[in-house]
Amino acid sequence: PRSLTILGLESSCDDTGAAVLRREGDKAVILSNVVASQTDLHAAFGGVVPEIAARAHAEKLDIMVEQALAEAGVALCEIDAVAVTAGPGLIGGVLSGVMAAKGLAMGLGKPLVGVNHLAGHALTPVLTDGMRFPYLMLLVSGGHCQFLRVDGPQDFRRLGGTIDDAPGEAFDKVARLLGLPQPGGPAVEGAARAGDPARFDLPRPLMDRPGCDMSFSGLKTAVLRVRDDLVAAQGGLSEQDRADLCAGFQAAVADVLAGKSARALEGQGALTGFAVAGGVAANASLRARLDAVAAAAGLPFVAPPLALCTDNAAMIAFAGLLLHEAGARDDLTLSARPRWPL
Ligand code: KG4
Ligand code: ZN
């Protein structure tokens, strides 16, 4: 039986991750998956500061690797291959990861595999749910929003995506506009629970346009306008105003994502299912809407557990494992790429 133990590294945004994954026959088992979040370091700046992120990754990578090995009960010399996010992402962080991975692979004399971060997200349902190709993936995070048709570990087709902001970014900006804490997604979702989504008339950008491209920046601007009108009329926002605005915004995002998902599923022929990944997939009302879209298309809906939906190294190790099995190998010429479309 095939058996291979792979170490994965992730450092493309504000999470430093390391994971150990083992191939055992048909299964891939996550032996450990640790992550150090930089949220606190960037909190004062209202967004991720690339310089601070790069330095923190460089400081944390070794520690995370040690932790991942210890938790897995695996010695460094038992690692058969090293996988690393080689892009897309903030270049300083990606470079830190790529350099660390090169050092480890060279020291061990074992293969190095560069992984596209988006492929990591897109292949996660295969790891968590044994999903089979081809399937449709909606990737929704703070930095990404796209529909991918996944036909194999190296076979992705982008069917459409946002033409401006990613939904997570819009959640974060709306939270900031309304004086709610960061990250905005959970805060907006929490406030929306007590809100009336129909009170304010918010747009559903590009909904009537053919294709599955999306836009979210106008929606954020519409929220800003409603807020300013309320402030001008009554001198501030009440708790209820805030709740209603959050509920209205969240419903608009869900309408757009659900509507475009239905369209993305059209004309794809036989698919095994519809999957979602990325931090925004944590949103319960959005998950329910997407689940309904899949059901209407007669397809199973797969949403990986949250820790594997957000940025993590297990998904990089897994994508690296599939690439390795397909014969992919990188060497010391592997470069870090800020942009890298699938
Ligand atoms: O995938 P992720 O952890 O990091 C990247 O962007 O790569 O996603 C983080 C994003 C943030 O914008 C956050 O506000 C959003 O996911 N998010 C949510 C929720 N939880 C996190 N958005 C909506 N509802 C949530 N419950
Ligand atoms: Zn990501």
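This is a predicted model: local features need pLDDT of at least 70, side-chain atom pairs count only at pLDDT 80 or more; totals for chains, interfaces and linings use all residues.
In total, 20 residues surround the ligand, and the closest are Gly142, Gly168, Gly185, Gly279 and Asn283. Two helices, H5 (167-177) and H6 (184-192), are the elements that give two or more residues to this shell. Sorted by class, the shell has 10 polar residues, six nonpolar ones and four charged ones.

Gly142 sits in the loop that joins strand E6 (135-140) to strand E7 (145-152). Is Gly142 buried or exposed? Gly142 counts as buried because 25 other C-beta atoms lie within 10 Å, and the cut-off for buried is 20 or more. Setting aside residues up to four places away in sequence, Gly142 touches Ala166, Gly168, Glu169, Asp172 and Gly279.

Gly185, on the other hand, belongs to helix H6. With 24 other C-beta atoms within 10 Å, Gly185 is buried too. Once neighbours within four places in sequence are left out, the contacts of Gly185 are Gly168, Phe171, Gly279, Val280, Ala282 and Asn283. Gly168 and Gly279 show up in this list and also among the contacts of Gly142.

Now for the wider picture. The protein chain is assigned two domains, domain 1 (3-127 + 308-325) and domain 2 (133-306), and their C-alpha centres are 27 Å apart. Where they meet, domain 1 puts in 15 residues and domain 2 puts in 21. On the domain 1 side, the elements giving two or more residues are helix H4 (117-129), helix H10 (306-309) and helix H11 (314-325). H4 supplies the largest share of that side, with seven residues. By class, the domain 1 side holds 11 nonpolar and four polar residues, and no charged ones.

Finally, the unreviewed UniProt entry also annotates residues 30-318 as "domain: Gcp-like".

Technical notes. Residues are numbered from 1 along each chain as its sequence is written. Chains are lettered from A and ligands numbered from 1 in the order in which they are written. A residue is near a molecule or strand if its C-beta atom, placed from the backbone, lies within 6 Å of it. Helices (H or I, at least four residues) and strands (E, at least two) are DSSP runs, numbered from the N terminus. Ala, Val, Leu, Ile, Met, Phe, Trp, Tyr, Cys and Pro count as nonpolar, Asp, Glu, Lys and Arg as charged, and the others, Gly among them, as polar. A residue is buried if 20 or more other C-beta atoms lie within 10 Å of its own, exposed if 12 or fewer, and partly exposed in between; C-beta atoms are placed from the backbone. Two residues are in contact if their C-beta atoms, placed from the backbone, lie within 7 Å. UniProt positions are given in the numbering used here, feature names are shortened, and annotations may be inferred rather than shown by experiment. Domain bounds come from an automatic or database domain assignment.
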